[in-house]
Amino acid sequence: MTANAAPIIELDHVSRVFEQRRKQVKAVDDVSLAVQEGEVVCLVGESGCGKTTTGKMIAGLIHPSGGEVRYAGKNIWAMGKDEFQRYRLAVQIIHQDPYASLNPAHTVYGIMSAPLLQHGIVANHKQARERVRDLLRTVDMTPPDDFLDKYPHQLSGGQRQRVSVARALTVSPKVIVADEAVSMVDVSIRVSLLNMLGRLKRDLGVTFIFITHDLAVAKHFAWEGRIAVMYLGRMIEIGRTPQIINHPQHPYTRALLSAIPEADPRITRTKERLQLRSLDIPSLLNLPSGCSFHPRCPLFEEGLCEVSVPPLADMGEGTRVACHVVARERAKEAA
Amino acid sequence: MTFLKGIAHWVNQTLRLIARNKAGFLGFIGLLFFIFLAFVMPLFVPLDKTSRVDKIYNPPSAEHILGTDFQGRDIFSLVVHGGRDVIVIAFLTGAISTLIAVVLGSTSALLGGAVDSAIMTATDFWLAIPTFPLLAVLATQIKLNDVWLLSLILALLSWATLTRAIRSQVLSLRQRDYVEAARSLGMSNRHIIFKEILPNMMSYIAISLVFAMTAAVYAQGGLVFLGLLSFSDNNSWAVTIQLAWTRGAIFFKDSFLNIMAPVIAIALFQLSLVLFTRSLEEIFNPRLRVGV
Amino acid sequence: MSEGVKAAGEPALLVEDLWVEYPARRGVVKAVRGVSFELRRGETLALIGESGSGKTTLGLALVRLLPKAARIKQGRIMYYRNGSSQDVLALNAEELRRFRWQECAMVFQGAQNALNPVLRIEAQFLDTARAHGMANANAVRERTIELLKMVQLDPQRVMHSFPHELSGGMRQRVLIALGLLLQPQVIILDEPTTALDILTQRSVIEVLRRLRTQLDFSLIFISHDLSLAAELADRVATVYAGAIVEIGSVYDIFERPRHPYTLALTRSVPTVTGEMHPLASIPGSPPDLINPPLGCAFHPRCPYATDQCRSQEPRLERVGDDQLAACWHWQEVKP
Amino acid sequence: MAVQTAPIPVSLPEEQARPNVLQRVFRSYVFRRLVKAVVTIFAVVTATFFLIRLMPSNPVEIFIQEQIAMYGMSYQEARDQASALFAIDLDAPLSQQYLEYLGNLLRGDLGQSYRSKGTYVADIIRQFLPWTLFSVGTSLLISFVLGVVLGMLMAYRRETPIDYALSTFASLVSSVPNYLIAIILLVVLGPQLRIINIASMRGSISPGVQPGFTLHFFLDVLYHAALPIFVYVLTTIGGWMLAMKSSTIATLEEDYVTVARARGLKDGRIMTSYVGRNASLPLFTQLAISIGFVFGGSVLIEAIFVYQGIGQQLIKAINQRDYPVMQGIFLIITISVIMANLIADLLYSRLDPRIRLGQGETK
């Protein structure tokens, strides 16, 4: 494999265990993922599925307990100091809560100029001001001079989120990990934020790891990319977005898609819903054996599903699914 | 010139923030008064050291506005000269214990692991024992003159509570998204500690410092009062109280001011400190600095 | 499912020209500005609005639970049951206490913290019953068991649990059961599914849907989530800047919106089912309720705005069989 | 694929520990707290032992100085008298003294006073500790209960004259050191206004009053303890009031309180079981610190009111460098405080079901 062909981000059997109340909690368990430069990958799942932890491991903010995180083919935790710093700047994270991600003690200019000055991207405050203005324009905060000297508490949620994005752009990242970046802003603001991110993706060629619980948002943001569905720390289905949305295979993905209410009364009231066997998500402290979805799964087969963890198996069309039953049906079809 | 203007602007703005809280403003005025009383007035009011047997427990007069003490000394001059030590020791103690707390607390929170549990075990231990009696035991070793040593020992009184509080502050602050964003942006540890975390703890630290000062005033006064802290020629409010007490000033109607003047001085100083904390919150809150 | 609108008759609740204000640091927040609507018997009405639109204040005003500083400046809230009527704003303290929950139950935002953390679930049911004169503990227990079963919970275990031992979805269902305890005629749910995972949301929606067919009550739910309205509501009211700008049957609102804001909202929500269509963003930012724009509050963000909109505030007027909208240009608004 | 039409799923509470496990968790929590208490006490014993012995001067020296000052003896005379009086070996290695001391301690022997021969430290403690426990305990109880009630009142009547008056009072009394308040009381009520007779209120009981379950005895005890208790209450109540006020204000904003109102519960019920109970929970954690502080303060307050408690004895012992007595009293004060902490902690864990399940230890 040549250096050029190496995926920009690669997770190789990555796991992360947290200690909680003297118990081991597997937040992320054996996740592998390769993201090519310029690609959009959505990590989708419900709370506690490990998508945020995965995102933070990609951004180098959390050390994996097992497996390797690679950037351009290199294990990030085996990098030298300078190399790691280069990687660190190349991968930026946008947080969910616009009210927590900006330091209340600094102005917009202060927040954005700090990385510019620290990394010598600009030589002085005069240049920094110019650069900050440019970046604010990039995120549609115009005229920028209205915002430079404002404190975060003087901005609206949407504006704060734009500043977070602009701050990430100060170091010209190649990859942006957007962790539920639009889920806390109002509906009327959400679309313009999504569109703005989409434009960055096109214009700057930024690779996006887009983390969301909302499959509809994932569909719209990553129609040309891929969706990876996670459940209780494991990746259970991954494939091209249209495939996942229109032809989901894993029973969990199908349950999710069928459960989503739609903003159209005719569609949403006639949608076929997949019944689960149990309403409740098992605790991460006490994971079910075998396939962790088995206690809720409508396809559950005793003696199979609770026995072993299903591997991610290739289903064709670039889709991979971790389900014993689906894999068996598929094999039958092929035969 | 612009520099001076900047300072003037800052002072102006800070004063306005202090004035936002009435109680805090009152405390601020009180503190200004005591600083003036203890550090400026002594230049104009000489310390009265001569004992005059004919003038014991004189009531207030034009000559002695607060009357005279058991030796016939001018009480007003004792009050004027008695503040300096109290305030200096309180401030030093506050500063030392806050420094210890900030260093230990943030080390504990930032390093975690074994360091954290060691520091936390020590604070837990310290919090579990009654400190004043322990101080009483330790105080017998030193004199009121040993300002630094005394402050250091008094700092033992409040460091543990403070350390714990600072630790939990740092713990919560360092998990904020903006700190994580700073890490992701490759900012130096120095930047993260001093620019991201510290500014958001300033009001907390300042308030802690003031409360540590009140604890120090409490403790030094108490130790002197019990006669555990020996003094020679010090003129502290605490010493005046102790002398008045041991010379039986509480038993006479005429000796009222001899004991009450320093008592009230300490009480008002404490009150000013406590009230002033209300304004500190406002001074360090960036949300208020710009004046919404 | 009680689809369609029932024949006009006596409403369950009638709100007329309601104004609510409360003081804030910068000035007086005009949170509810001249709201009028009727809640029909047995219907489900959705109040849809973004954060800061005043929808929660409106809900609280209906049961007079506004914070102390808030003031109902003018208006009337009439409650009808069995041919008699009550002026809610004229009730004295004791009458109001009885009115709450017995006639009109309000369940709050997400319900994560709506139950007393130090009391077991059973005790909280008993508390509520006792306050309204149901002293027979055994009868209450039986009713509790029945209700908990109705919301798909295992009564024996849930009753003896503390709130923190239940998951978010379970707590939400406990609250719904609690809301039904005194058989109120009106139930108000504030953001009933916010902060719940999709599959949990689905279970809450199904519970609500079923209860509506089994029991006789009118439901108001307040949400920012359009799809929830599409899913559950008979009628929908859009709230903008403290006022209802459009109200009509769920199909009219989603298929023939006559207010530009409603239209923009429905077009800004992504769907998972159906074609990919571009999402339209709403320019500008949400209104400031301290200084709402002159004229129509939506005019700064509205593509149809004219001088008239900038100076005169439109009132709700009939725009269809059972549809009202407050827009000077409703005839030009085309989906 | 066929969609299974399973029976309506019913959800169960999160898999909780079964009752016996729950009990075990709770028991082990108590156990852990106990172990911690014992370790702390051991550490205090060790630390004070060495601290005290590292102090300059020693009981013999102090005695000699006193003799010289009082009777004008020469140093040699005084010294001779001292060595006749003190049958102690201060020259034994510290480690040996320490081990001996520990050994005695384990047998419950706190040693004898250096100064008054034949007086057992345990006897001194037995004689004086109850008075301190009584006065401090009573005041803590009064001040906590009254502070909680007044704090709630302030929160419910926020920004009314009652609130302003009580808040001012609370800040005032909580910022002035307790011993100064004691002096002010003594001076103003005593010689100045002549409302109280200081001399007759001294001590713990009046001479001639026999201990026993009689009203006379009880009233006499109260009479003597009145001033210390009043001062303890006065100087701690402000803190409780302010803490309870802010805690109540926060609790009043909790959803469950609004929901309780929406449920049409009666105000009294909401105030007690919903607001009061939840708002006072965090105060129990502060109770621990407060106990130590009040106990420590007894050293000063007892000196001022000449109340025959353990604090007075400690000062006396310190001034005479009476090591065993100092050590014993300090130990007993520490044990009392740690035990009180333990009780406050366990009480808290009983009151808050979230702690009961052992989740509280993480903080």
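What volume does the second largest pocket have? Here are some notes to read beside this predicted model.

1. The second largest pocket has a volume of about 1,600 Å³. A pocket here is an open set of points on a 1 Å grid over the protein atoms alone, where a 1.4 Å probe fits, with protein on both sides within 12 Å along at least five of seven lines. The volume is the space filled by probe spheres set on the points.

2. Of the 44 residues lining this pocket (an atom within 4 Å of a point), those closest to its centre include C:Leu65 and D:Arg261. The lining divides into 24 nonpolar, five polar and 15 charged residues; charged means Asp, Glu, Lys and Arg, while Gly is counted as polar.

3. Now look at where chain C meets chain A. The contact (heavy atoms within 4.5 Å) takes 47 residues from chain C and 39 residues from chain A. About 3,800 Å² is buried between them, meaning accessible area (1.4 Å probe) lost on being put together, summed over both. C:Ile198, C:Leu199 and C:Val272 supply 21% of what chain C buries there.

4. Two salt bridges cross this interface, each a side-chain nitrogen of Lys or Arg within 4 Å of a carboxyl oxygen of Asp or Glu. C:Glu255 and A:Arg266 meet in a salt bridge at 2.7 Å, N to O.

5. A word on conventions: residues are numbered from 1 along each chain, and chains are lettered from A in the order in which they are written. Local features need pLDDT of at least 70, side-chain atom pairs count only at pLDDT 80 or more, totals for chains, interfaces and linings use all residues, and side-chain values use heavy atoms, without hydrogens and water.

Methods
Buried area = accessible area lost by both parts, 1.4 Å probe.
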